[in-house]
Amino acid sequence: MTSWYQRKRTRELALVACFLAPALTIFFLYRLLPLGWNVLLSFQSWSPLKAAAWIGVDHYEEMLLDDDVFWDALTNTLIFIGCSPIAIALALAIALLVNSDLRGAAIYRTIVFLSYPLMTVAVGIIWRWLYDERGGFFNYVLRSSGVIDQPVKFLQSFDWALPCVIAADFWQVLGFYMIILLTGLQSIPQHLYEAARVDGVPASARFWRITLPLLRPSIFLCIVVGILNSFTSFDLVYVMTNGGPGHATELLITYIYKVGFGQSRFDYAAALTVVQFLLLVVLTMLANRLAGGNAGSLER
Amino acid sequence: MQRRQLLRSAAAFSAATVLSAPAIAQTPKKISFLTWNLVHLEAQIKGWIGGFTASRPGVEVEWIDKKGPEVPVYYATQLAAGTPPDVIDIQGALGLEYAAQGALADLTPRFAADAAIKGRYDQDYLANWVFEGKNYMVPYYVSKTLLFWNKTRFKEAGLDKPPANFDEILAAADKIKGGDKTGMLTLNFDWLYWPLMMMNGVDLLSKDLKTPTFKTAKAEEVLTRLAAATKSGAINPISWTGRWVEPNEAFATGNVGMLQAHAPAFFWIKGKGPWINGDTLGAAQMPGNWATPNSHGLGISKGSKQPDLAWDFVKYLTDSDVAMQFSRVASVLTGNKTVDKAILAKFEKDDPLAFQVLKTQVEHTDKMCGNWRLGNDSRVKDAFWPEFQSAMLGRKDAKTALADAERRVARELKRA
Amino acid sequence: MRRAPSWPRHAIMLVVSFLMLVPFYWVVKTSLTGENIYAYPPHIVPVDPHLFHYVDVWYLIPFPRYLLNSVIVTAMAICGNLLFNTAAGYALTKQFPGRRWVVLLFLSCMLIPFQATIIPAYLITSWLGVLNSYLGTALPLLSTIICIFIFKASFEAVPRSLIDAARVDGLSEWRIIVRIMLPLSKSAIATNVILTFIWSWNAFLWPLIVIRTSEMQTLPLGLARFLSVMEDTTGALFAFVVMVLVPGLTIFLMAQKEFIRGLTTGATKG
Amino acid sequence: MNWRRFLMHRFFVVPAAVAVLVAGWNIYIAFNDGGIIEGEVRDRAGAPVPGATVIFFERNFVYYQEKQRTVTDAHGAYRFDGMQVHVGQLEARTADGRQSERRQLRLWFRAQNAEVTPLIVDARRG
């Protein structure tokens, strides 16, 4: 008896292994090995032509004590990730509006999603023009409507630059968030709402006690995409402000790119990569606990 | 399980790099040529390559072109993989950084063996790529900064000739400003703004490039005056925040008095500013004839499998007939003395204004500044520029900005 | 109960749509007129619009060749994604030791930024010998983690009874997937196709590194030709952006219905 | 999925429509790409101007460069052929110094046969 069960068990394990194998090889080759390479390199001083010399934690020391650009980039990245809940809230509001039995909801949904398939480099070019001090659209609207007389220097001012880049990123990613939340909304069984309505539960209470809890898995998915976004929007920051003015919009990912390829210091860039990876792991665990402890629906 | 897997994967990987034979099978006589954003000259470059391979049987030249910001990414990756392109076209100080890293082959012995070749080039431009006494690159196309002055704006302000010193620049800029008009604009990438400091006797580093020498009372005064001029609108703030498109666009609109930029900016602006002609735009040297060079050089990678063939290709590209065609189609000066003389003569006949502009590129080449032969130029630049910019935009006063800049530049020099 | 008035919702949605559409309008307008976008005052209505910038784009870069390369790379990425993600998603529905670790591994892989891993990724690709080839360009895109979890959830949504019945009839695992699982998660497939299409069609940095010759370049790499230092190509640049956008848009508009239902079973039923 | 429903399904209709459009356009191109550019030169009064030289300028990045020249026949008509271009400028000049304005020429595809509206030559110096 047991041998048949064992044979069935091992056959099933073999099947699982061979089903997982292709995806795992891709991630092993293109994610884990590079991460291993970066971790190994972050403890060495190496350049493409010099032999690697083990230097222990010098890079991390330099990063934490000496390098104030690192701290600027870290705070900017945290602000960037910290703002994604605002985008998620906005997307939730739009999803609620579009989800209701509004005529033409499909058209609104398509319009809001239109911006996602656009190349991020193109989004950077367009928004750099929108914010332009002279011929930009925002300044034109503000000046012609008399709200301001002198044009506002959006991307050139130290305190406006980061919010503007975040707004441009919202514009592109809002559609994707909306779609995720919209589908979450559409799968909440209607009878829950009927029952609540019959009991005279006000709309706001229905939202807080039915819609939001049942939407938690979709919100977790949005938060994870928001965290990923802090490095997929590398092209956006690179094209719009290239980290300027000064280091006001420098994200960790643009700083890694500048240190690695601009200054050809791959060992220091590897140390920065390791620190960024650890930061993102911590943030994902936090989001996981926030979204109900079991990584939402992703890992049940 | 994950930690063990991480270590196992890292060990397996380092083994992989050791035996990473280049996958591209190198046919016996093949070299690769990496250019910096010359994709619009595809037809001409393919023609020159055809001319080179036709006269040398069994030779192939693979041409790769990348946009400016992507050249370092591509070249660094190829270096790490051990298959660097044989001949590379690199801009300004980045060439010195690759030389310092040992990525470029030393050309001094080749010059010694072939004195006539070295004689071809303008010696001051050639000297830009001498690192620790060794030549690493030859000029491909050269330029340095000059002062464009908008004659109409100058006439409106009652002036008729370009400023002769720093005070006159600020005074002229102050007279011209007003409403949408601003007095002066400058490019700021790759130290192009440095003549403004040099004419006041402020240099970044000592002669031995070891100690920062810019924290002086004079420098403080210059920075304070520049910051005040920016605040008042005499100097257009785009000078400190723009890159390439924004400042050129602003000057092309016609309401900026002066622009400090190099010759390629002229051809870009000419396409955008219909108002530009001989009577509305003047080209002159900056006061004290100071100028920061921004040139492209050709170098040979040390990892090249065919160094002699690569050197032959470099000589072919920079000899007179190919260089002549290149300078005519791209309207650039090539650093090859005979070619530049001929192209200047042609422009003098066809386009007097362009002649005025290009003439400044070959005059006073002994007064170049902002071209320290540093192995870590981009790190020193990234240390100095944000502080200078903060001072210009009024976020820091000149004293603290210079103090912070000195601390960070000194650290970069120590770490080199 | 009186239905809530719909006009305030329409008003809000119109404002949101306006904000989303303004940049698009400007791209299309500039692609028609090619005027200097920094001139003040900007013209709201296009001044003598013409379609010839699109013709310029066709000839400034070898557009058909780049389009073909992009289509091949994207097709390979989509096939790879469907194959690998379905297999991995199905495997994750099974119970096996270390299953939690594999999921954590997948989650952590998602967090490794691609920009920082270019050099090792290039070394691996050159070690595999697929440099400057369609396979080399498509290899890192062959599997995406979000899609694996979407397939996992949609497979779990399939009622157990169906699977047991099929196993009783003696169907092999692979046939169970193809006969029962896949038809029921058609929407997850649509989601995967659209997301993979968008991510591989717009990939810029990886093709830039792995492709050497210009015949093998994909569409986004053609962008560099329009940011040239020499000439004013604003009109052609925005025409190029529109031409790169159109395929992604048509795929989304065609598969929109399935796309929405895909995320439904994916994100919440779990 | 019977055939009729498949044919009506949008995943078939849209690609098929695109294929038909592309094929039709290419057929049109095949018939019209002789690279012939012809037109007439007239003076302000509208009379044809024989013997005027017509210059074709080709775009070279920032400005236009002369590519080819021809002379109008007795009826004031000129004709370039084998022109592998999709954009350019045309200008007519007469022996006695009269000149037409520079006409911008934009074609839908390379070497499209084009019928250019008459170039008006008048005394104005270009």
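Let's start at A:N242, in the loop between α11 (234–240) and α12 of chain A. Helices here are DSSP runs of H or I with at least four residues, strands are runs of E with at least two, and both are numbered from the N terminus. A:N242 is not a glycine, yet its phi is positive, about 50°. The cut-offs: buried means 20 or more other C-beta atoms within 10 Å of the residue's own, exposed means 12 or fewer, and partly exposed is in between, with C-beta atoms placed from the backbone.

A word on the source. This is a predicted model, where local features need pLDDT of at least 70, side-chain atom pairs count only at pLDDT 80 or more, and totals for chains, interfaces and linings use all residues. Residues are numbered from 1 along each chain as its sequence is written, while chains are lettered from A and ligands numbered from 1 in the order in which they are written.

Chain B has a positive phi too. B:W191 is a residue other than glycine, and its phi is near 60°. Look for B:W191 in the loop between β8 (182–186) and α10 (195–198) of chain B. B:W191 is buried, with 25 other C-beta atoms within 10 Å.

Stay with β8 of chain B. An open sheet there has four strands, in the order β8-β9-β7-β10, with mixed pairing. Strands β8 and β10 (281–284) of chain B stand at the edges with a single partner strand each, so one side of each has no neighbour in the sheet. Pairing needs at least two bridges found by DSSP between two strands. β8(B) and strand β9 (residues 256–262) of chain B run parallel, joined by four bridges. Within that pair, B:T186 stands opposite B:Q260 in β9(B). Helix α9 (residues 166–176) of chain B packs on the sheet, touching β8 and β9, and its direction makes about 130° with that of β8(B). Helix α18 (residues 352–362) of chain B packs on the sheet as well, touching β7 (145–150) and β10, at about 20° to the direction of β10(B). Those angles run from 0 to 180 degrees between N-to-C directions, with axes fitted as lines to C-alpha atoms, for helices over the stretch in contact. Contact means that the C-beta atoms of two residues, placed from the backbone, lie within 7 Å.

Chain B has another open sheet. Five strands run in the order β2-β1-β3-β11-β6, with mixed pairing. At its edges stand β2 (60–66) and β6 (137–141) of chain B, each with a single partner strand, so one side of each is left without a neighbour in the sheet. Here neighbouring strands are turned by 25° on average, direction ignored. Strand β3 (residues 87–91) and strand β11 (residues 296–300) of chain B are antiparallel over five bridges. The bridge partner of B:I90 in β11(B) is B:G297. Helix α15 (residues 307–318) of chain B lies across β1, β2, β3, β6 and β11, at about 155° to β11(B).

Now chain D. Why is strand β1 (residues 37–43) of chain D largely enclosed by the rest of the structure? Because five of its seven residues are buried. β1(D) runs antiparallel to strand β4 (residues 77–80) of chain D, with four bridges. D:E38 has D:R79 as its bridge partner in β4(D). β1(D) also pairs with strand β9 (residues 119–122) of chain D, in the parallel sense, over three bridges. There, D:V41 has D:L119 as its bridge partner.

Last, the chains together. Which of the five touching pairs has the most contacts? That is chains A and C. There, 70 residues of chain C are in contact with 75 residues of chain A. The side of chain C that touches chain A has 53 nonpolar, 13 polar and four charged residues. In that count, Ala, Val, Leu, Ile, Met, Phe, Trp, Tyr, Cys and Pro are nonpolar, Asp, Glu, Lys and Arg are charged, and the others, Gly among them, are polar. Chain A and chain D have no contact, and their closest C-alpha atoms lie 17 Å apart.
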